[in-house]
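Hi everyone, thanks for making time for this.

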Amino acid sequence: MELMHLYDFLPSGHGYKIRLLLTQLGMPFERIELNILKGETRTPEFLSKNPNGKIPVLEIEPGKYLAESNAILVYLSEGTEFLPYDRFLRALVLQWLCFEQCSHEPFIATSRFWISILGKAEEYGEAIKQKRKPGYTALNLMDKHLTSQDFFVGEHYTIADIALFAYTHVADEGGFDLTQYPAIQAWIERVKTQPRYISITQA
């Protein structure tokens with residue numbers, strides 16, 4: 001099996017999703033750091049790999065690239081315990097992946113990017129303010145769901161948890177207060193106890 005190459009930006013939650021799953025699967029890979037703040041994903045070389053100019057990109061085999069973090073999660077988890085075989089449970093995982101992209105990431109991840117990565121909280125102040133309500137709406141929904149179960153789908157840790165964990169556990173870096181969400185806090189601790197867990201700062 002060819003060694004996979006992950007084009008990544010360490011602070012990115014999207015890249016972290018892939019690093020975490022690859023590590024938990026025990027799959028060796030080489031990480032290639034690209035600083036998105038310096039335009040390193042906008043070069044002709046990188047755009048030939050992903051015309052959308054974003055990380056993460058996983059080179060599965062020489063010249064074969066896959067982009068979009070949740071698509072990569074599905075690809076890697078196929079046939080593993082991280083993606084249920086049951087048709088309904090599998091659809092629920094996909095449902096949460098869509099939720100993460102549409103109702104969660106645009107508010108929580110973007111706020112974190114502006115505040116903690118760009119360091120421009122004041123400049124983006126009004127836009128950040130507008131993201132508060134929908135961000136908290138997503139967290140409220142998640143906390144309510146987790147009051148009755150340990151993980152998002154079924155009784156086991158899946159890529160639904162990985163996708164939502166990536167930006168939720170650092171939501172405070174985007175100005176969101178997680179102390180009011182005991183179910184989310186307990187879930188975060190459960191995720192951190194999973195085998196081969198790595199933190200978002202681990203390359």
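Let me begin with a term: a pocket here is an open set of points on a 1 Å grid, with protein on both sides within 12 Å along at least five of seven lines. One more thing before we go on: what you see is a predicted model.

With that term in hand, how big is the largest pocket? Its volume is about 570 Å³. The lining of this pocket is made up of 24 residues, and His 14, Ile 36, Lys 54, Ile 55 and Glu 105 are the ones that lie nearest the centre. Which element gives the largest share of the lining? That is helix α4, residues 87-117, which contributes 7 residues.

Now let's turn to strand β1, residues 4-8. Of its 5 residues, 4 are buried, so this strand is largely enclosed by the rest of the structure.

Who are the partners of β1? On one hand there is strand β2, residues 29-33, which runs parallel to β1 and is joined to it by 5 bridges. If you want a pair to find on screen, Met 4 has Phe 29 in β2 as its bridge partner. To get from β1 to β2, the chain passes through helix α1, residues 13-25, and this β-α-β crossover is right-handed.

On the other hand there is strand β3, residues 57-61, which is antiparallel to β1 and joined to it by 3 bridges. Here you can look for Leu 6, which stands opposite Leu 58 in β3.

Notes:
Residues numbered from 1 in each chain as written. Predicted model: local features only at pLDDT ≥ 70, side-chain atom pairs only at ≥ 80, totals over all residues. Heavy atoms only, no water. Buried < 20%, exposed > 50% of the residue type's maximum accessible area, 1.4 Å probe, protein only. Helix = DSSP H or I, 4+ residues; strand = E, 2+ residues; numbered from the N terminus. Pairing = 2+ DSSP bridges. Right-handed = clockwise from strand over helix to strand, strands pointing away. 1 Å grid on protein atoms, 1.4 Å probe; cavity = no way out; pocket = protein on both sides within 12 Å on 5 of 7 lines; lining within 4 Å. Points joined across faces, edges and corners; volume = space filled by probe spheres on them.
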